[in-house]
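Visitor: I have not looked at this structure before. Please show me how to read its features, one at a time.

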Amino acid sequence: MKEKISSLKEQFIAEIANADSAELLEAIRIAFLGKKGYITDLLKGLRDVPNEDKKEAGQLINALKNEVEAGIADKAKSIEEEALLGAIRSAKKYNPTIPSNAKSGSYHPITLIQRELEGIFDSMGFTVEDYPEIVDDYSCFEAVNVPKDHPARDMQDTYYIENGQLLKTQTSAAQNFIMRKYGAPLRAIFPGRCFRNESTDACHENTFFQMEGMMIDKSISISNLIYFMKTMLSEVFQRDVTVRLRPGFFPFTEPGFELDINCQICGGTGCPSCKNSGWLELCPCGMIHPNVLREGGIDPEEYTGFAFGLGLTRLAMMKYGVKDIRDFNSGNLKALSQFKNN
Ligand code: DAH
């Protein structure tokens, strides 16, 4: 029996060394481990082994079985690796001279205008900040001087989430965070997507982009605000644009303004995009309310500042002549592909 086992072992070693395909390996497996294989035969042969030798013979057969199984598994792995290497070697080499017919994508116009503005403000010393879209009531309202039950909350129909948080209705929601992060003096812009439960028309959307800006320092005044707004707009439109300031009310400003821009679609004669007024409300702004500064940990006796909430989507409409604000979220690739070369 012992000789049988050791000669089978040698046979296995010789056969497995020559197995160079998965088929050959499978044939060896069946020959050795199959129901009618050599090892089964050996086990059957145990019957005839004298009792005192049975234990040792059984152990030897088991050891051989384990060796055969491990040998087959190892070989299977190396055959597989070899096949993969072979496939890689025979794969066609990448040819960079073949012309591509893949269509390239384009940036969304909001992305374009956002990046442009970030560049303009960056060159004026503003940092660019990011802030989540889901915020709490405190940052969106209370921290910017809109306490619970304040009538100004009616101006922004809010989407509340079951856990009490909300989709930010305004980028002003980040004001407190930025003031706490940097303290005074500071110059920062923070673009972001905002949400309001509004019915939509050519110039209203329930999902739109704003870009908030803040500048806080000693003796900042309204003339600083006007200077930065005018500089920014003439950079964007590459010419002097006509703007007008109207008084506006925002709980977080004192005083507050509405900055309107001459409608660039109709040139000011009146069209649906500007509701026939010739003007488009573009940038609510104002001097930061002392309560807001205080809540942000900044002493209003020492520092003043201005803030604005630029309508990025509106600005993109003006700049690119988009007549309907709803086009931005429509996912219409034909419309978007026009911006390829911008
Ligand atoms: N958060 C305001 C809105 O969405 C816009 C705004 C007004 C932002 C005045 C400001 C500001 O920073 O000073 O209606």
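Guide: This is a predicted model. Start at the ligand: one of its oxygen atoms is 2.9 Å from an N or O atom in the side chain of Gln 210.

Visitor: How much of the ligand's accessible area does the protein cover?

Guide: On its own the ligand has 360 Å² of accessible area, and the protein covers 95% of that.

Visitor: Which residues around the ligand come nearest?

Guide: There are 16 residues around the ligand, and those that come nearest are Gln 170, Ser 172, Arg 196, Gln 210 and Glu 212.

Visitor: Now the helices. What describes two packed helices?

Guide: Two values are used: the angle between the axes and the distance between the axes. Take helix α1, residues 2–18, and helix α4, residues 51–90: they pack at about 5 degrees, with axes 10 Å apart. Angles under 35 degrees count as roughly parallel, so α1 is roughly parallel to α4.

Visitor: Which residues make that contact?

Guide: From α1 come Lys 2, Ile 5, Leu 8, Lys 9, Phe 12, Ile 16 and Ala 17. The α4 side includes Leu 60, Ile 61, Leu 64, Val 68 and Ile 72, with Glu 56, Glu 67 and Lys 75 also among them. By class, the contact of α1 with α4 has eleven nonpolar residues, one polar and five charged.

Visitor: At what angle do α2 and α4 cross?

Guide: Helix α2, residues 22–33, crosses α4 at roughly 170 degrees, and their axes come within 10 Å. An angle over 145 degrees counts as roughly antiparallel, so α2 is roughly antiparallel to α4. On the α2 side the contact is made by Ala 22, Leu 25, Arg 29, Phe 32 and Leu 33. Their partners in α4 are Lys 65, Val 68, Glu 69, Ile 72, Lys 75, Ala 76 and Ile 79. Eight residues of this contact are nonpolar, none are polar and four are charged.

Visitor: And what about α5 and α10: what angle do they make?

Guide: About 100 degrees, for α5 at residues 109–123 and α10 at residues 312–320, with the axes 9 Å apart. The two helices are therefore roughly perpendicular to each other. In α5 the contact uses Pro 109, Ile 110, Leu 112, Ile 113, Gln 114, Glu 116 and Leu 117. These meet Leu 312, Thr 313, Leu 315, Ala 316, Lys 319 and Tyr 320 of α10. The residues of this contact divide into nine nonpolar, two polar and two charged.

Visitor: Where is Asp 324 placed?

Guide: Asp 324 is in the loop between α10 and α11, the latter being 333–336. Its side chain is joined to that of Arg 326 by a polar contact of 2.8 Å. Not counting residues up to four places away in sequence, Asp 324 touches Asp 201, Ala 202 and Met 317.

Visitor: Which peptide bond into Pro 185 is cis?

Guide: The bond from Ala 184 to Pro 185, with omega near -5 degrees. Pro 185 lies in the loop between α7 (175–182) and β4 (186–195). The bond from Glu 254 to Pro 255 is also cis, with omega near -5 degrees, and Pro 255 lies in strand β7.

Visitor: What does Glu 254 contact, leaving aside its neighbours within four places in sequence?

Guide: Glu 254 is in contact with Met 287 and His 289. Glu 254 lies in strand β7, residues 253–262. From C-alpha to C-alpha, Glu 254 is 91 Å from Glu 15, and the two are 239 residues apart in sequence.

Key:
Residues are numbered from 1 along each chain as its sequence is written. This is a predicted model: local features need pLDDT of at least 70, side-chain atom pairs count only at pLDDT 80 or more; totals for chains, interfaces and linings use all residues. Side-chain values use heavy atoms; hydrogens and water are left out. Axes are lines fitted to C-alpha atoms, for helices over the stretch in contact, and angles run from 0 to 180 degrees between N-to-C directions. Helices (H or I, at least four residues) and strands (E, at least two) are DSSP runs, numbered from the N terminus. Angles under 35 degrees count as roughly parallel, over 145 as roughly antiparallel, 65 to 115 as roughly perpendicular and the rest as oblique. Contact means heavy atoms within 4.5 Å. Ala, Val, Leu, Ile, Met, Phe, Trp, Tyr, Cys and Pro count as nonpolar, Asp, Glu, Lys and Arg as charged, and the others, Gly among them, as polar. A residue is near a molecule or strand if one of its heavy atoms lies within 4 Å of it. A polar contact is a pair of N or O atoms within 3.5 Å; within protein, one must be able to donate a hydrogen and the other to accept it, and residues adjacent in sequence count only if both atoms are side-chain atoms. Accessible areas come from the Shrake-Rupley method with a 1.4 Å probe; for residues, only the protein chains shown count as cover.
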